[in-house]
Amino acid sequence: MHLAYPAVLAVLLFCTGLYGVLARRNAILVLMSVELMLNAVNLNLVAFDVWLRDTLHSGQALTLFTIAIAAAEIGIGLAIVLLVYRNRGSSDIDRLRDLAERPDGADADGTPRPDTKAEATA
C-alpha cells in the first residue's frame, strides 16, 4: 500500500476541518469541523501503523484513545452549545463574546445594567 493516498486524504480532511473552524459562525458546525480534523489524525495514525508494520499496533491504540477523547469532547461541547442556545436563542459564535461580565457592571455596549440585588430585596 502506498502511504501517499491516505496521507493526501488526511491532508484534505484536515484542511476542510480547518476551513470549517476558521470560517463558520455556527458552534455545531465548528464542532463538526473539529471532528473532521481529529478523523484526519486518526487516518494518519492507522496508515503509518500499517506502513511501518508495527508489532504492537501503537497507531491503532492511539486511534482508539483519540476516538474516546473526541467522543467526550463532543458530548461536553454539545451540552455547552445547547445551554448557550437555550439561554441566548442563537448558537452564533460571534455573539458569544457578549457572555463575559464587565468588572464595572456595564454591558458589552457600555450601557449600565440595572442592579438586580436591589430589585430582589425590594
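Arg-53 is exposed, with a relative accessible area of 70% (exposed means over 50%, buried under 20% and partly exposed in between, using a 1.4 Å probe and protein chains only). Arg-53 sits in the loop between α2 and α3, and its phi is positive, about 55°, although it is not a glycine. This is a predicted model, where local features need pLDDT of at least 70, side-chain atom pairs count only at pLDDT 80 or more, and totals for chains, interfaces and linings use all residues. Residues are numbered from 1 along each chain as its sequence is written, and side-chain values use heavy atoms, with hydrogens and water left out.

- His-57 is partly exposed, at a relative accessible area of 41%.

**Helix α2**

- With 26 residues, α2 reaches 38 Å from its first C-alpha to its last, close to the 38 Å expected at 1.5 Å a residue (the expected span is 1.5 Å times one less than the number of residues).
- Buried residues in α2 include Ala-27, Val-30, Leu-31, Met-37 and Ala-47, and also Ser-33, Glu-35 and Asp-49.
- The cover over the buried residues of α2 includes α1 and α3.
- Asn-42 belongs to α2 and counts as buried, at 8% relative accessibility.
- Leaving out residues up to four places away in sequence, Asn-42 touches Thr-63, Thr-66 and Ile-67 (a contact means heavy atoms within 4.5 Å).

**The aromatic pair**

- Searching the whole structure turns up one aromatic pair (rings of Phe, Tyr and Trp, the latter by its six-membered ring, pair if their centres lie within 6.5 Å; planes under 30 degrees apart are stacked, over 60 edge-to-face, and the rest tilted).
- The partners are Phe-48 and Trp-51, edge-to-face at 6.1 Å centre to centre with 85° between the planes.
- Both Phe-48 and Trp-51 lie in helix α2, three residues apart, which is about one turn of the helix.
- Phe-48 is partly exposed at 35% relative accessibility, and Trp-51 is partly exposed at 42%.

**The salt bridge**

- The structure holds one salt bridge (a side-chain nitrogen of Lys or Arg within 4 Å of a carboxyl oxygen of Asp or Glu).
- It joins the side chains of Asp-94 and Arg-25, at 3.2 Å, N to O.
- Asp-94 is in the loop between α3 and α4 (116-121) and Arg-25 in the loop between α1 (4-23) and α2, so the pair ties together parts 69 residues apart in sequence.
- Asp-94 counts as partly exposed at 32% relative accessibility, while Arg-25 is exposed at 54%.

**The nonpolar surface patch**

- Ile-28, Leu-29, Met-32, Leu-78 and Leu-82 make up a nonpolar patch on the surface, with about 410 Å² of accessible area together.
- Patch members have over 30% relative accessible area and no salt bridge; like charges are joined within 9 Å, and nonpolar side chains (Val, Leu, Ile, Met, Phe, Trp, Tyr) within 5 Å.
- Accessible areas come from the Shrake-Rupley method with a 1.4 Å probe, and for residues only the protein chains shown count as cover.
- α2 (27-52) and α3 (58-88) are the elements giving two or more residues to the patch, and the largest share, three residues, comes from α2.
- Leu-78 is found in helix α3 and is partly exposed, with a relative accessible area of 35%.

Terms used:
Helix = DSSP H or I, 4+ residues; strand = E, 2+ residues; numbered from the N terminus.
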